[in-house]
Amino acid sequence: MLEIGVFCFCTVSYNYSLLNTTKYLKLDSRQKFKYNLIRISFRMKTERFKFILKIVELEAVLWFAGLIYLLTVNPYEVQQFSFCPFHNLGITFCPGCGLGRSISFIYHGDLFHSLQMHPLGVIALILISIRIIKLSNKMYHNYHKTKEVIYG
Amino acid sequence: MANVLDLLPEIMGEEQMYISSLIKNMDDKQAFQFANIYRTRRKDPQTILLVTLVGFLGISGIQRFLTDQIGMGILYLLTGGICMIGTIIDLVNHKKIAFEYNQKQANQIAMMAKNL
């Protein structure tokens, strides 16, 4: 993750430095053409990035990532790592703790343990999946609409 | 031709673009009526932000009730904003939540205003 970030930063800053140097250098027409090509491609890249940012719903991505993450967890093992800030602070009372393991038990088909872990697990899974479907539906419509607005 | 900046100066950004595209084909009277109804039904993103911040004090999920997502609201309320993580997501995402609700209301009102 960090490597990808560093790579993106380097490419962006490199392209940006090229953009600024063209103002001060004396160039012949061929070199100017080359620099202009770089400039245009850079601008198109940033515009595409903005376009993607406009369409993608952060909420849908995070819910989906959460549900996928719970597929990789084994609920029968002893819990080692928790996202919950209360749990990490050492407070034992938290109304939301056990929800992840509860959903994970449903994936394994163990409804009894799921309800024991957290009674809202089944409802949470249904509600979150409905929300993901609604948001992705909206994303699909927004994609066509914004494409019309930007590219005509 | 109705102008958004005259009728609804308080809205901005994405919402402004959306409303201007809705108002474009209305005449002046219809647009005025649309603006009046829309102003009363609209939810301000700032209200959503403040109400989301209440979630850190114990009662979370009010923003979901306000924007007509009763199911998610109950889930947030009973699980403490899904261990605070849901509340933090909503905190980052408050503008989109408000815009989603406003978009729905604007579509309804535009249908009404065209029949008037």
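## The largest nonpolar core

In this predicted model, the largest nonpolar core holds 16 residues, and the members that touch the most others are A:L99, A:A124 and B:L75. Two or more residues of this core are given by each of α5 (99-107) and α7 (121-151) of chain A, and likewise by each of α6 (70-78) and α7 (80-83) of chain B. The largest share, four residues, is that of α5(A).

Once neighbours within four places in sequence are left aside, B:L75 is in contact with A:L120, A:I123, A:A124 and A:L127. One of these partners, A:A124, is itself named with B:L75 among the residues that touch the most other members of the core.

## A helix pair in chain B

Helix α4 (residues 45-54) of chain B and helix α9 (residues 94-115) of chain B have axes that come within 9 Å and cross at roughly 125 degrees, which means that α4(B) is oblique to α9(B). The crossing in which α4(B) passes α9(B) is right-handed.

On the α4(B) side the contact is made by B:P45, B:I48, B:L49 and B:T52, while α9(B) contributes B:H94, B:K95, B:I97 and B:A98. By residue class, this contact of α4(B) with α9(B) comprises five nonpolar residues, two polar ones and one that is charged.

Methods. Residues are numbered from 1 along each chain as its sequence is written. Chains are lettered from A and ligands numbered from 1 in the order in which they are written. This is a predicted model: local features need pLDDT of at least 70, side-chain atom pairs count only at pLDDT 80 or more; totals for chains, interfaces and linings use all residues. Axes are lines fitted to C-alpha atoms, for helices over the stretch in contact, and angles run from 0 to 180 degrees between N-to-C directions. Angles under 35 degrees count as roughly parallel, over 145 as roughly antiparallel, 65 to 115 as roughly perpendicular and the rest as oblique. A crossing is left-handed if the near helix is turned anticlockwise from the far one by less than a right angle, and right-handed if clockwise. Two residues are in contact if their C-beta atoms, placed from the backbone, lie within 7 Å. Ala, Val, Leu, Ile, Met, Phe, Trp, Tyr, Cys and Pro count as nonpolar, Asp, Glu, Lys and Arg as charged, and the others, Gly among them, as polar. A nonpolar core is a set of buried Ala, Val, Leu, Ile, Met, Phe, Trp, Tyr and Cys residues joined through C-beta atoms within 7 Å. A residue is buried if 20 or more other C-beta atoms lie within 10 Å of its own, exposed if 12 or fewer, and partly exposed in between; C-beta atoms are placed from the backbone.
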